[in-house]
Amino acid sequence: MADQGGIVAAVSTVKDTLPRLEQYVARNLAGGVDHLFVLLDADQPEVAEGFAAHPHVTCIRTDDAWWQGGRPPELNHRQRINANAIRHLLGELGWASWLFHVDGDEVVRVDRDRLAAVPPSVPAVRLEVREAVSRLRWERPPTWFKRPLEKPELRRLVRRGVIEKPTNGAFLHGHADGKSGVRPGTDTWLTLHDPVGADGGAVDTAADPSFLVLHFESYSGEEFARKWTALAQAGPDTRLRPIRQRTMDAVQGLLARGLPPEALEQELLALYERTIADDLDLLRRLGVVDEIDADRGTHEPAAPSADQRAALDAALDRLRETPKDGFRPPANRPVETPGAAAPTAAPRPRRRS
């Protein structure tokens, strides 16, 4: 059941198949989430229909009516705006205690008692990332995850030839920053990773060893090909690390060649083998991976009441008719200086453990 802290929600902007999204929903519900807001980044009526009667899911089609003529071309901007639109909605309704912003390949894993114990004065929490070990093929869903390492561990990996530089950016194929959740009723905004205040500045965040996000980042050759092809076709992304930008450039170069499907798959898998694949046996011997089964969480999610659901539906009707640019987080708004066009950068949050 949900703890005394109230309903915990998560929001994601996704483009994926119904079976994969059903797995994502089930894992997050088992890991500590009560309700998921699934915002479809493409026209997928079969997904909307598949979740229409789900008691723990609100599926939203982000079509032209949703964007009110102002759909940002950048995926990460759409993600931020969608997350804060839902944050605003939940703040208005008042029945959710936390809202986490995650991707469709991520799973929130939190101890609900520890989450309920976060002081009311702290408006945000940090989820530390655990990234799935990547192999060409898995016989079953991966249960081994890499964690961010300290410098001595990273230097040891360099000496063993696992990575080229002693940085978590070299060890983790996805982000090393983790994800965050905020109290919807506060003026604390969600970004891709760090919460920010109304002025775009850092806010206090609580951290705990039990607050995790499991990241199924390119965990297999097939998943690498699927994900990076989708990313390359989703519009410009302004926040890729140099190593990920190189991967993006390589994938876009392959797509531009107009290869037949079989040849494209072979080239993508070759790129995967060169740049992504991990040596699980070596990582286990070095003690830098943890075993976690995302499909065996024990949380029993609570659903909104009938009255809460009716209020949610009415609030969503109003939200659909609202221009979405007002939900762009402060750290993502243009700098208000003559001639400036780049967004401001979000500072790192102040953390509590």
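How many residues of domain 1 are in contact with how many residues of domain 2? Counting contact as heavy atoms within 4.5 Å, 27 residues of domain 1 touch 21 residues of domain 2. This is a predicted model, in which local features need pLDDT of at least 70 and side-chain atom pairs count only at pLDDT 80 or more, while totals for chains, interfaces and linings use all residues. Residues are numbered from 1 along each chain as its sequence is written, and side-chain values use heavy atoms, with hydrogens and water left out.

The domain bounds, which come from an automatic or database domain assignment, are 7–218 + 283–325 for domain 1 and 221–275 for domain 2. Between the two, about 1,700 Å² is buried, with carbon and sulfur atoms giving 39%; buried area here is the accessible area (1.4 Å probe) that two parts lose on being put together, summed over both. Five salt bridges are found across this interface, a salt bridge being a side-chain nitrogen of Lys or Arg within 4 Å of a carboxyl oxygen of Asp or Glu.

Phe145, Phe216 and Tyr219 form one aromatic cluster. Both Phe145 and Phe216 are buried, that is, under 20% relative accessible area, where exposed means over 50% and partly exposed lies in between (1.4 Å probe, protein chains only).

Note on methods. Rings of Phe, Tyr and Trp (its six-membered ring) pair if their centres lie within 6.5 Å; planes under 30 degrees apart count as stacked, over 60 as edge-to-face and the rest as tilted.
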